[in-house]
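Subject: Structure handover

Hello,

Please find the structure below, for your files. My notes on cavities, cores and aromatic pairs follow it.

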Amino acid sequence: MSPLSSLSLSPNHQSAFIGYWGYGSQRELTALLTNLSATSPLSTQQFSQTENQPIWNVVHIGIDRNSPPQQNTIAAISASGLSKTPDAWVSIEENNCLILAREAFGRMPLYWTQQGEVIWFASLLQLLLPILQQRDVSIPGLYGYTCFSYVPTPLTPVNDVFAVPAGTELIWQGNCELGKLCQPQSRSIYSWREQAEQIKDEATAVTQLQTLLKASIQQQIADLKDEPVGVFLSGGLDSSIVAALLVQAGVKVRAYTLDFGGAGIPEFPYAEQVAQFLKIPLVKVAATPREVKNALISTVQALDLPFGDGVTVPLYLLVQRASQETRVIFNGEGGDQLFAGWTNKPLIAASIYQAGESFILQYLRTFHRLWGYESQIYQPDIYAQIKNLQPQDWILEALDATCCPSLLHRLRRASLMLKGAQNIHPRATALGFAHGLWVRSPFCDLPLAEWTFSLSGELCLQGACEKYILKRAVENWLPPEIVWRQKRGMGVPLTSWCFNEFWHDIGIWLNPGILSAENRFTSQIATQIVTGELGGAIQGRRIGESLWLLIMWQLWRSQVLGEELGKHSWNHPFWIPSWLWRKYKQWQA
């Protein structure tokens with residue numbers, strides 16, 4: 001096992017833990033953890049070694065331990081800072097069992113690797129990297145990332161490191177006589193299921209939903225005294241509801257919103273309208289190309305995992321600004337997953353009108369990433385390793401029709417398990433923790449979520465109106481223009497930035513010489529994307545999304561994994577002005 005170099009986290013980082021369990025030398029294993037503590041404030045729990053019994057040790061990094069120990073629990077962590085509701089935890093049972101577990105929404109990640117007869121576990125991927133004998137990229141993890149813009153669990157982007165899926169326990173049994181570990185057993189501790197009896201009466205649903213929303217907020221403000229809290233306010237329905245609920249509950253609220261200037265879909269006017277209606281201050285955070293570029297490396301390091309969505313750096317800027325004035329931030333994440341947001345409508349239409357393609361492939365296509373372009377984007381060696389992998393396998397369980405027979409509930413289940421638990425919630429927590437913020441998502445409330453699986457489809461999606469019952473429940477809490485307007489997601493102007501302000505930077509971030517030395521992606525992939533050579537489907541906003549996906553991966557592998565970069569090449573169009581390149585392409589045509 002390689003030596004464990006000390007790791008210095010951000011001084012604001014809220015909390016993390018790393019530990020081990022298994023058969024080995026207590027002195028040697030503890031020395032590895034001690035090296036980690038050189039620059040990080042911590043408290044250490046240690047279980048004294050008993051002959052022939054598995055040994056364990058945990059280091060808690062951060063200001064406090066985040067959650068008091070429950071029975072048999074040796075480590076626990078909560079995204080919200082509410083000690084009664086840990087999101088990831090580690091337990092040791094009396095029968096020589098180790099249990100790693102996560103709650104169903106996926107707010108906190110939990111990773112593990114086996115080194116010899118020892119299981120190492122941590123709440124940050126970066127904490128496990130120094131103990132690996134080799135830091136190699138997981139090719140299946142890379143392939144999953146290019147399909148979804150996140151790495152699907154239980155994979156991670158690193159070989160021999162795995163993630164505990166949300167709503168799951170992994171259980172290891174030790175054989176004391178042999179000093180060996182058995183293979184881990186996986187057990188579901190929560191599964192999203194359609195309720196047998198469906199609510200069809202609108203008035204009943206409205207009353208129940210209002211009660212559940214208010215109860216969720218009350219639970220998440222229970223520890224607050226007179227301190228102000230922040231709320232990320234896009235001007236969309238979900239974040240506006242959270243702001244309204246906080247104001248109704250008497251909490252001092254300051255809202256934060258992004259401003260992309262003249263580019264992209266303007267959200268600031270809607271956020272401003274909500275803030276004025278609720279009489280709360282609104283802080284506008286500029287997300288210009290300059291600010292985004294300056295925060296890019298810090299965002300990649302804070303995220304821990306590669307996340308390819310363009311919203312991540314603007315969200316980093318939003319978190320950074322809010323952390324100057326509060327320690328608790330609320331968001332509206334989860335509303336789309338619970339109440340069937342607008343992204344479900346194309347899939348429903350496809351299931352009705354499109355023939356010849358399975359529904360699972362239709363769902364896979366909705367991620368709008370690089371699935372289907374494998375032979376064009378990968379080097380031959382990598383393509384040979386991934387061509388027999390089936391990305392459908394990573395989403396099959398989420399689309400299980402036995403858990404949710406009706407299509408809309410099945411789509412919501414999949415959205416909770418995939419985009420929610422593996423992308424939206426863990427990245428929100430990572431960005432918050434990097435700035436010392438507790439992150440609270442009122443829509444991530446189990447009673448509320450379970451209740452939504454008892455709603456009839458007509459109450460979620462009525463004609464062309466998505467989130468119908470949610471809008472009815474809150475129509476007196478917010479301006480009607482906010483409640484009933486159509487939402488199309490955050491309009492980060494990636495394509496515009498890539499063809500203008502980031503044009504020269506693309507030649508650095510996705511340099512052909514570096515890509516050639518890496519031997520994973522084809523060296524001219526960036527040029528192929530901007531010229532449309534990959535295919536007609538990658539155009540408009542998808543050009544920027546595809547480039548950004550690759551940029552975030554390349555920065556992650558150098559900044560987090562620590563891979564060395566090859567030499568730069570000038571064999572690309574990005575060193576000349578984009579307008580001149582466009583003129584040249586027109587002349588060629």
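**Aromatic pairs**

Y145 has a relative accessible area of 1% and is therefore buried (under 20% relative accessible area; over 50% is exposed, in between partly exposed; 1.4 Å probe, protein chains only). This is a predicted model, in which local features need pLDDT of at least 70 and side-chain atom pairs count only at pLDDT 80 or more, while totals for chains, interfaces and linings use all residues. Residues are numbered from 1 along each chain as its sequence is written, and side-chain values use heavy atoms, with hydrogens and water left out.

The ring of Y145 pairs with that of W553: the centres are 5.5 Å apart and the planes are at 40°, so the pair is tilted. Rings of Phe, Tyr and Trp (its six-membered ring) pair if their centres lie within 6.5 Å; planes under 30 degrees apart count as stacked, over 60 as edge-to-face and the rest as tilted. Because Y145 lies in helix α3 (residues 139-148) and W553 in helix α23, the pair ties together parts that are 408 residues apart in sequence. Helices are DSSP runs (H or I, at least four residues), numbered from the N terminus.

W553 is buried too, at 0% relative accessibility. W553 also forms a tilted pair with W556, at 5.2 Å centre to centre and 35° between the planes. Both of these tryptophans lie in helix α23, 3 residues apart, about one turn of the helix. The count for the structure comes to 27 aromatic pairs. Elsewhere, ring pairs link Y143, F148, Y150, Y363, F367, Y378, W394 and F521 into a cluster.

**Nonpolar cores**

A nonpolar core here is a set of buried Ala, Val, Leu, Ile, Met, Phe, Trp, Tyr and Cys residues joined through side-chain atoms within 4.5 Å. The largest has 112 residues, and W120, L510, L547 and W548 touch the most other members. Helix α23 (residues 541-559) gives the largest share of this core, 10 residues. A second, separate core of 82 residues includes C176, V231, W477 and L478.

**Cavities**

There are 5 cavities of 30 Å³ or more. A cavity is a set of points on a 1 Å grid over the protein atoms alone where a 1.4 Å probe fits but cannot get out; lining residues have an atom within 4 Å of a point. The largest cavity has 26 lining residues, with M108, P109, Y111, L305 and P426 nearest its centre. Helix α14 (residues 407-434) supplies the largest share of that lining, 7 residues.

Regards

Key: On a 1 Å grid over the protein atoms alone, a cavity is a set of points where a 1.4 Å probe fits but cannot get out, and a pocket is an open set with protein on both sides within 12 Å along at least five of seven lines; lining residues have an atom within 4 Å of a point. Grid points are joined across faces, edges and corners, and a volume is the space filled by probe spheres set on the points. Helices (H or I, at least four residues) and strands (E, at least two) are DSSP runs, numbered from the N terminus.
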